[in-house]
Amino acid sequence: MAIEVKHVSFTYSPKTPNAYEALKDVSTCINDGDYLTIVGQTGSGKSTLVQMLNGLTMPTSGAIFVDEQDTKIWCKKTKTTRLLRKKVGLVFQFPEYQLFEETILKDVAFGLINYGMKKEQAYEKAKEYILKVGLNESYFTKSPFELSGGEKRKVAIAGILALEPEILILDEPTAGLDPKSKEDLLNLITQLHDEGKTIALVTHNMSIVRKYANHVILIEKGKAFFDGTPDEFFVNDEVCKIIEVPEVIEFARKLKVKGIDIDVNKATSVDSLVEQIKLWRAKDE
Amino acid sequence: MKKIEVKNLKFAYNSKETVINGLNFSVEAGKYVSILGHNGSGKSTLAKLLMGLLVPGSGEIFVDGKLLSSETVDEIRLKMALVFQNPDNQFIGSTVEEDVAFGLENRKVPQKEMHDIIFKYLRLVGMEEFYDKEPSNLSGGQKQRVAIAGALALNPDILILDEATSMLDPKGKREINELINSLRDVNPELTIISITHDVNEALFSDEIVLISSGKVSKVATPEEIFSDEALLTKNNVISPFVYQIKNRLIDMGIDASNCKTMDEMVELIWQSK
Amino acid sequence: MNNIVFGRYVNANTFVHKLDPRTKIFLLVLFSVGIFLQFTNNMTNLLMSCCYLGVVFILMIITRINILHLFKSLSMMWFMILFLLIVYMLTPIKEPNFPVAFTIFGKYIYWDTFVNLGYIVLRLMLLISLAMILTSSTRPMDMTYAFEWYMYPLKVIRFPVHEIAMTLSIALRFIPTLLDETNRIMKAQESRGADFKHGSLFRRFGAIISLIIPLFVSAIDRSEQLANAMEARGYDPRAKRTRYKVLKGNWRDAIALLIGLAAFGGIIFLLVYDHNYNQILFF
């Protein structure tokens, strides 16, 4: 078990008139090799939750265990804090806003050098990961500020990937990207998952949950409203009332309600849904 | 009547790359037109050009038959209102009502009349009860609704939406799209130009101007554009779900060409056996 | 960043909240002058200070500010108190009213030093509390309106009153946004191993750079978008504009002003009365 979240609550500005309870008694596990998606409305506390996983934020009550050790203990010493941050890599929402170096190479190497790697070595590693996110050599010496939005985001992600974390957490990595960049990025994340990384991803996009995840948590009003597999998720009527169901699943659900024999969980794309419709039509009653 | 006419418009931020490269299209009065294209197709630049915030490299923009130039820009701007992409960076007032008031103050609307105008439009966008809230207490979707109220309060002929929903979550997107559609019932004379990469948003417009690398690829109804799969692939656009299904059903031999909604198609499939 | 509560506007509907910000600023100035008027008699000074303290307490209770904040202000001033203590100890006292407290390097330190220090600290505390009552009961935007009103006469000498007020109000509007952003970038860089709290000066400097550059880039980006949004809505800094929010005083302000002026008049009267025996000592 990679990460264990035990009865975690979090309150912003406690003991003031502006106090706001973002998370209430949330418990879950993230297993090695998971592709977890954390979903829920804006302001439901998802971002707060992921910031706790690498010790940037501490729970007001409850605890988070990474490799069976409390994050509070991890973060007691600078040295172990760094180990934790390296083990659990967190890509923030709109990470393109964290770029600051003169060249992309330097920016990607920033984290590595912070974690004590020699410059030469760090640049080598940075090169490797810039290529990995799908940018070519010509980008090494470019300034991050002359890139497009999608490219900037790739650079920012390369900066975290270069740290070679065991668990990669991404907070709404596809927000604001156009369909093409979105697909590129999701393919990259899938590739990383196939290579053995544990992935946790905050998203509003239910198609990602359907297509890629093996584990999904729905945070609603600060509570873990649902915690299970996507297959259970999309057939749960209570859940489907809260979330924006992907259109293909909505359509499949409508067909099923009508009495057409459709497996909602197999309707992952237009193609697979159309196949099912064809099968149903071909079948004799 | 042509409300806006764009003739051979060109624009470049620097000598290296031309963002808009000979754009030609026109918008009829009272129509809802989507300008659809993927990121980097020069859409946002177009919004600023239409509003006179940028000066074209060459080519002309006519509004109500009048050429947009440094002499006419102030007069023409009175007819237009623009809603931008980022909800935070266009919220100028300290509270909801003061933000709507900002444009009115600039237009020298007498103080006594402002309150009624502000609340009329806040009611229209469903933000009336939030009138004294500060932007930090509002969601992205709510801020965009305030921005739309602020734009409409200026009583424009033309409302330009520049990727107004692209930074919102699905709920916010849906709310804003519903609001824009409802505006047409409230004021049928309003010309709406929506610049977007979201096909589901473009679906509701009267006409789509499909642009790619700074040029117009095609101007047609959503129906025509989304049925033409070759055109969409060429322009890197994925068609809306209902059209994807519709095209598949037609391939299957089910005549779904008149279907507009999922429910109609479900019914058709049910009857097809 | 969420901890900056001291002096921040707290939404409530009290008498003080409802006052016109111009009234509040005027009374604040009046009260501050009152606090720094000094009587010759130590007893009177002490008595007056107690009165002021009482008034401040009452105001804090009316505006629902936790009295504990007052003492928090003291802990914020400790460095200044230390500095004042040293200055006071170095200042020779010609006619001490109190006995010698102790000697240091053969120099007599009288109790006067500590009494004077006590007074000055008490006054600063009162001033801070008053400012806090003002800021926590007045929306920042109303404050800018009031300042603009007070600065209006400066327009005669072409002082850009309106532009400054507009700049100020936009700055105020964006403070929470930029604080959020700072917070987010800091955390994002911490995820990349930047350390703002520990390590050598050089490393910390590097961390700060990784915060400041993105913050600047985003602020410039924002300002450009904001300028476009303002222009699109017809803003012209030189043109005349109408006003939606107009400050209007009512009976509450009349009452507050009356009480304030009466109290100030009373203090002046006492001072003049005091002056008949001794001399007025302005601080």
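Visitor: How many residues of chain B are in contact with the 25 residues of chain C?

Guide: In this predicted model, chains B and C touch each other, and 25 residues on the side of chain C take part in the contact. On the side of chain B, the number of residues that these meet is 27.

Visitor: Which helix gives the most to the side of chain C that touches chain B?

Guide: Helices α8 (161–191) and α9 (201–232) of chain C each supply at least two residues of the side that touches chain B. By class, that side of chain C has 11 nonpolar, six polar and eight charged residues. The greatest contribution, eight residues, comes from α9(C).

Visitor: Within chain B, how far apart are the centres of domain 1 and domain 2?

Guide: The domain assignment of chain B gives a domain 1 made of 1–79 + 157–222, and a domain 2 that covers 88–155. In the contact between them, 10 residues of domain 1 of chain B meet nine residues of domain 2 of chain B. Taken over C-alpha atoms, the centres of these two domains of chain B are separated by 23 Å.

Visitor: Which helix supplies the largest share of the side of domain 1 of chain B that touches domain 2 of chain B?

Guide: The residues on this side of domain 1 of chain B divide into seven nonpolar, one polar and two charged. Six residues, the largest share of that side, come from a helix of chain B spanning residues 170–186, namely α6.

Visitor: Within what arc do the buried residues of α11(B) fall, seen down the axis?

Guide: In helix α11 of chain B, residues 262–271, the buried residues include B:Met265, B:Val266 and B:Ile269. An α-helix has 3.6 residues a turn, so residues three or four places apart point the same way. The buried residues of α11(B) line one face of the helix, because, seen down its axis, they fall within an arc of 105 degrees.

Visitor: Which exposed residues does α11(B) carry on the face turned away from its buried side, and what covers the buried residues?

Guide: The cover over the buried residues of α11(B) includes α11 (247–258) and α12 (270–282) of chain A, together with α10 (241–252) of chain B. On the face of α11(B) turned away from the buried side, the exposed residues are B:Asp263, B:Trp270 and B:Gln271.

Visitor: Which strands of the open sheet in chain A stand at the edges?

Guide: Four strands of chain A form this open sheet, with antiparallel pairing, in the order β2-β1-β4-β5. Two of them have a single partner strand each, so one side of each is left without a neighbour in the sheet; these are β2 (20–30) and β5 (69–70) of chain A.

Visitor: At about what angle to β2(A) does helix α1 of chain A run?

Guide: Helix α1 of chain A, residues 46–53, lies across β1 (3–12), β2 and β4 of chain A.

Visitor: Is B:Lys108 buried or exposed?

Guide: B:Lys108 is found in the loop between α3 (96–106) and α4 (111–124) of chain B, and has a positive phi of about 60 degrees although it is not a glycine. Because 11 other C-beta atoms lie within 10 Å, B:Lys108 is exposed.

Conventions. Residues are numbered from 1 along each chain as its sequence is written. Chains are lettered from A and ligands numbered from 1 in the order in which they are written. This is a predicted model: local features need pLDDT of at least 70, side-chain atom pairs count only at pLDDT 80 or more; totals for chains, interfaces and linings use all residues. Two strands pair if DSSP finds at least two bridges between them. Two residues are in contact if their C-beta atoms, placed from the backbone, lie within 7 Å. Axes are lines fitted to C-alpha atoms, for helices over the stretch in contact, and angles run from 0 to 180 degrees between N-to-C directions. Domain bounds come from an automatic or database domain assignment. Ala, Val, Leu, Ile, Met, Phe, Trp, Tyr, Cys and Pro count as nonpolar, Asp, Glu, Lys and Arg as charged, and the others, Gly among them, as polar. A residue is buried if 20 or more other C-beta atoms lie within 10 Å of its own, exposed if 12 or fewer, and partly exposed in between; C-beta atoms are placed from the backbone. The arc is that of the directions from the helix axis to the C-beta atoms.
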